[in-house]
Amino acid sequence: MRKLSSDRMSELFERLDSLCPLYLPGEKDGAVSFVRYEQGVDYAVGALNTVRSAKDFFFPQVENIAAFRMTGKKIEILENQNGNEPFVVFGVRACDAASFSLLDQVFLSEPVDPYYRDRREAGTVITVACGEPDTSCFCTAFGIDPAEPKGDISVWLTDGFLYWQPRTDKGENLTENLTDILEECDGGEIKSYQDTIKTIANQLPLANLNLSYWENTDEKEIFASPVWDEIYKGCLGCGLCTFVCPTCQCYDVRDFDCGETVRKFRCWDSCMYSDFTRMAHGNPRKTQKERFRQRFMHKLKYFPENNGGLVSCVGCGRCVRSCPQGLNIVKTARRVSDD
Amino acid sequence: MPMNENGEFTPLIVAFCCNWCSYAGADLAGSGRLAYPAEVKIIRVPCSCRVNPTFILRAFQKGADGVILAGCHPGDCHYSTGNYYTRRRMTLLFSMLEYLGIEKERTRVEWISAAEGAKFAATMNDFAAKIHELGECKRLEDLRCK
Amino acid sequence: MQITKTIKKLVSEGKADRVFGWKKGELGFDTEPALFTEDFDSVVYNSLCGANLCKYMINETKKDGTVLLLLKPCDSRGLQLLTKEHRVRREKIYALGVPCRGKIDVDKISDKGIKGMIDIQENGDTLTVVTLYGEQTVPRQDVLYEKCLSCVGKEHVGCDEVLSPELSEDTTVNDRFAGVTALEEKNPEARFAFWRSQLSKCIRCNACRNVCPACSCVKCIFDNPSSGMDSKANADDFEENLYHIIRSFHVCGRCTDCGECSRVCPEKIPLHLLNRKYIKDIHKLYGDGDEAALLTFTKDDAEPSVVYERGEGHA
């Protein structure tokens, strides 16, 4: 483990950015998002989670796949130049870091998604432990430890010091370039900081989310639960929860006609939308009830069944905070299991 | 920036012309041999009221540097009241575009009757001159269409 | 609670057979819109009931029976609009106005650096926020929704019954059009920079559209694959502009200024500044009439050139 005095953070950011582009949480017009570091950009140290999750770095909302140019009867295929340039993301929270392994299950299993894979290889993730977990957090319900975040490098920001722990080869390689400013230490100093986090995390109102009903009940029974008839009533059918969610991975592939060329791009899609699953014969999910049910069945039942019990939620609490009508995954999971 | 052989900026100007008045006005300008810039591309519409706000935005998206809408004089609409609706609609839309920081000189509405060939040519000359001054439209462009 | 009593009385009198209101959420302080057919004791109404419920009536009144709908003063304008546009069956609604003295924006409490909220207690003009890290007090006025700081009026419109109207307060501190005027006074470059910066945050979640009582099309143009306008993401700056210009234009002259669009935006884009621009223009050019401005005209309306002719940085 290594450490650095807190007042030298901007020096660290400068150094990181000189090695490869650095992104970190910063405030823009009242909302915190990952921004490119430059002088004058302040690291939003107090912000727990960005509005959008960190999945954008590997699975962006919009991504060009290819373009086609028509000249007479000839079609020319223009490959999309993928950004394989190395980059560093600082300030990813434990929940978002855990979401990457869920996305890996989807995009890195056969057939591998080359766009996602390239970005995963190019990116180095520096996580930061959550000193003050908030009411909406429930990552511990999924075995994620906010005091011990994963990633290529983990960072703890205590009073006065930044502690730095590389965890992967990528992390070690990056650290080698920074040995002159990061001094070695034994790491025992963060123990009490971690204990405080754990104490708070255990008191969080949503942390005791219990998913045993979902694990042990037949999917058809959950599917047919009468609770679905009531609980979706407040749902607006917007895509907010799916777009801020770090684990939602549905996308659509679309064409844009620019005159001479046609661009094929993919963009996030949302199971909450009325044209999701629309096929030639119509839409099998006709009302918001079916769409609403699908989202939670997928996260809490179908995904675990297909991925060795891994639940497709990391407890970041974004849906808890942002749903305009106060609906969220915890509420749904609890009500369906009558908890 | 699209240029002609002399290295001058050649804008793309879209003119939505009502079938009954302004389009006929353009015809009259043509048969009267009154010159107006070739940069003005006319799109004939059944009534100025047919133009909805997305037409204007789409024109800018596809590379227009200025959009002008020409219809019958208020009171003379072939369908009685179409252009009265146009008048309100475009006033509010153009005011919004200006509010969003789009140069207000890039949009215009003019009332040109079938008998006003000279007014048609003069309006288009004046409008095109303004767009030449402003240069390329950057604030409502779609980079994918470039 | 008086509301619960009234609800029970109205249901027992047969005025309605179910209730659309709010209930307590999963956290100590949130609320969610909910339909009640029994257990009217769990109907909650407090300063955290920010959501406007009138749009749910589009689906709810397609069913049999009568719904008792709880409405804040600004929500009642939404129901009036939906009724006028025949989007709801008004005879299937019993509209019960509930008093409002401004609603609390939990995000504004968080913005004060208060974390770990477990409960919010209200004592007059002060809020006590109970957190995992201790208790803090916040002046109520500081954390009201933007929409409440320029309240459209504390009077209910078109309700069948209004409960304790004397408890409603107009919480206005800012002139409704102050934000629009401030922008109008800037030069076009500054306005463009402002909106680019704001609209580039848009994640196109459509929450602003879906929550809006004026956005009641059966099939939205942005969802309709045959419209040529459907798109699921803002693939380009142009599309961010297009979506927000068209969305606000569709409600131009019909917007009730309930402020829901800005309330729901996860990226805190001040969408009310678009709607209020239209409202301000309409008031100035066409008067403060009842009719939707784009559905009518007068023979001596202003010419579109008024935009062209007014000076830079006008207000």
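How many residues does the contact take from chain B and from chain C? It takes 36 residues from chain B and 48 residues from chain C, where contact means heavy atoms within 4.5 Å. Bear in mind that this is a predicted model: local features need pLDDT of at least 70, side-chain atom pairs count only at pLDDT 80 or more, and totals for chains, interfaces and linings use all residues. Residues are numbered from 1 along each chain as its sequence is written, chains are lettered from A and ligands numbered from 1 in the order in which they are written, and side-chain values use heavy atoms, with hydrogens and water left out.

**Chain B against chain C**

- About 4,000 Å² is buried between chain B and chain C, 63% of it on carbon and sulfur atoms; buried area is the accessible area (1.4 Å probe) that two parts lose on being put together, summed over both.
- B:Arg88, B:Leu92 and B:Tyr99 supply 23% of the area chain B buries here, more than any other three residues.
- There are five salt bridges between these chains (a side-chain nitrogen of Lys or Arg within 4 Å of a carboxyl oxygen of Asp or Glu).
- B:Arg144 and C:Glu239 meet in a salt bridge, at 3.2 Å from N to O.

**Two domains in chain A**

- Chain A splits into domain 1 (2-202) and domain 2 (212-338), with bounds from an automatic or database domain assignment.
- The C-alpha centres of these two domains of chain A lie 25 Å apart.
- In chain A, 38 residues of domain 1 are in contact with 35 residues of domain 2.
- The rule finds three salt bridges across this domain interface of chain A.
- A:Arg318 forms a salt bridge with A:Asp96, with the closest N and O atoms 2.9 Å apart.

**Helix H12 of chain A**

- Helix H12 (residues 329-336) of chain A is mostly covered, with seven of its eight residues buried, meaning under 20% relative accessible area (1.4 Å probe, protein chains only).
- Among the elements that the buried residues of H12(A) pack against are helix H10 (288-306) of chain A and strand S2 (31-36) of chain C.
- At the start of H12(A), a side-chain oxygen of A:Asn328 comes within 3.1 Å of the backbone nitrogen of A:Val330.
- A:Asp338 follows H12(A) and has a positive phi, near 55°.

Methods: Buried means under 20% relative accessible area, exposed over 50%, partly exposed in between (1.4 Å probe, protein chains only). Helices (H or I, at least four residues) and strands (E, at least two) are DSSP runs, numbered from the N terminus. A polar contact is a pair of N or O atoms within 3.5 Å; within protein, one must be able to donate a hydrogen and the other to accept it, and residues adjacent in sequence count only if both atoms are side-chain atoms.
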